[in-house]
Amino acid sequence: MNALDKFRYSKDDPSQLNISLKKDPYEKVSNNKTNNLNQLLSTSVKVSKEIFPNIYSAIENVFNRLKIKNNLNFFVTANHFQTQATCSAMPLGDSAEIILTSKLVELLNEEELESIIAHEVAHFYYQHALYPQPNSTKNRLEYLNLLNFSRAAEISADRIGFIGCGSLESSLRAMLKITSGLSEKHLKFNFSSYLDQLRELKEIKGDQNLMYSTHPNFLNRMQALIWFSMSNEYNKYFNTDKKGTFDLKNVDEKIYESIKKVIGDEVEYSNKEVVSRTLMWGSIDIFLSDKNFSKKEQEIFKKNFGDKSTESIVSLIKISNPKSIQEKIDNTFEEASKLLNEDKEKIVNELTKLLKVVDGDTKIAERTIKKIKTNLKL
Ligand SMILES: [Zn+2]
């Protein structure tokens, strides 16, 4: 297992979105040459040893450290405003181009540039281009969850940025330079004072707008990287002389909580709300499989969801036709299909427990569970 596979941030887990990755990111699946490459070749300068020796050696250093194959094309494009690098890997395509802006190259020293190059390589290697774009959905829950994924992808890529340049300080410096747009002439690299800014931001309850951002705040990213460098796994893998302070699992949780403090917990809250609504309507679906909500089943329902909900559901069933009840159930599952797989599994596990207590034919109830799984796209 190479460092990239080992250190992917655990919240950046494509299986939670039912995305299956190519076994090998370099695997050739299509022969289509993209328009993208044609356009780049005509408008940007391709990095070669002869034209940009420094950038070329930075790229070589990165691939040597990451111990992976380099079949990517690198370009520099004139842009004096944006301190950006992008990796444009076509989903299912076999090639990727990494584009560095002139401002980025001017601003960073070689080691800092290596961290950015490795960050972009990580996006390619991790196949982040396969993640659906948050803007591609009109469903709010899905939109928020996809934004969470996009932010998690950045945390993974930052780690590889650090490993690929071999220096924590250079990675952090690159983040500061990119965020401020300023060179070392103006910056003093006192990291603890930047982390004070994070503390301050959390104290004023974060910045809710960040919930809609595809990238975590730079303060969160710096803190995440510092924590990662303190993990047992990182220090062991690279034989540093230091002993780690946290397990990586622990680090991942800390990062998740820290980002949540800044963006607010609405995403988590929305997910939880949908889970509990789905458990309720799912229970009704199972209890009604035999078209009879028996007294015993009502008692169990009451225990799980309270007197008030039970009363209103019982009267709703009395006055509505079964078709409209089923419609409500189906709508709930439609919404729940946008949850992460771990939440869907939780729902199915809970609902499966009801098989032991249903009145009537368990075979019919089992079929309902199967249908629920399909509706949840699990
Ligand atoms: Zn990125």
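Where is the place of Lys-291? Lys-291 sits in the loop between α12 (266–287) and α13 (295–319).

## Basis

This is a predicted model: local features need pLDDT of at least 70, side-chain atom pairs count only at pLDDT 80 or more, and totals for chains, interfaces and linings use all residues. Residue numbers start from 1 along each chain as its sequence is written. Helices (H or I, at least four residues) and strands (E, at least two) are DSSP runs, numbered from the N terminus.

## Two lysines with positive phi

Lys-291 is not a glycine, yet its phi is positive, about 65 degrees. Lys-291 is exposed, with 9 other C-beta atoms within 10 Å.

Lys-67 lies in the loop between α3 (53–66) and β2 (73–77). Lys-67 counts as exposed because it has 9 C-beta neighbours inside 10 Å.

## Domains and their contact

The protein chain divides into domain 1 (9–264) and domain 2 (268–375). These bounds come from an automatic or database domain assignment. The domain centres, taken over C-alpha atoms, are 42 Å apart.

Nine residues from domain 1 and eight residues from domain 2 make the contact. Two residues are in contact if their C-beta atoms, placed from the backbone, lie within 7 Å. On the domain 1 side, helix α6 (residues 140–165) gives the most, with four residues. That side holds two nonpolar, five polar and two charged residues. Here Ala, Val, Leu, Ile, Met, Phe, Trp, Tyr, Cys and Pro count as nonpolar, Asp, Glu, Lys and Arg as charged, and the others, Gly among them, as polar.

Terms used. A residue is buried if 20 or more other C-beta atoms lie within 10 Å of its own, exposed if 12 or fewer, and partly exposed in between; C-beta atoms are placed from the backbone.
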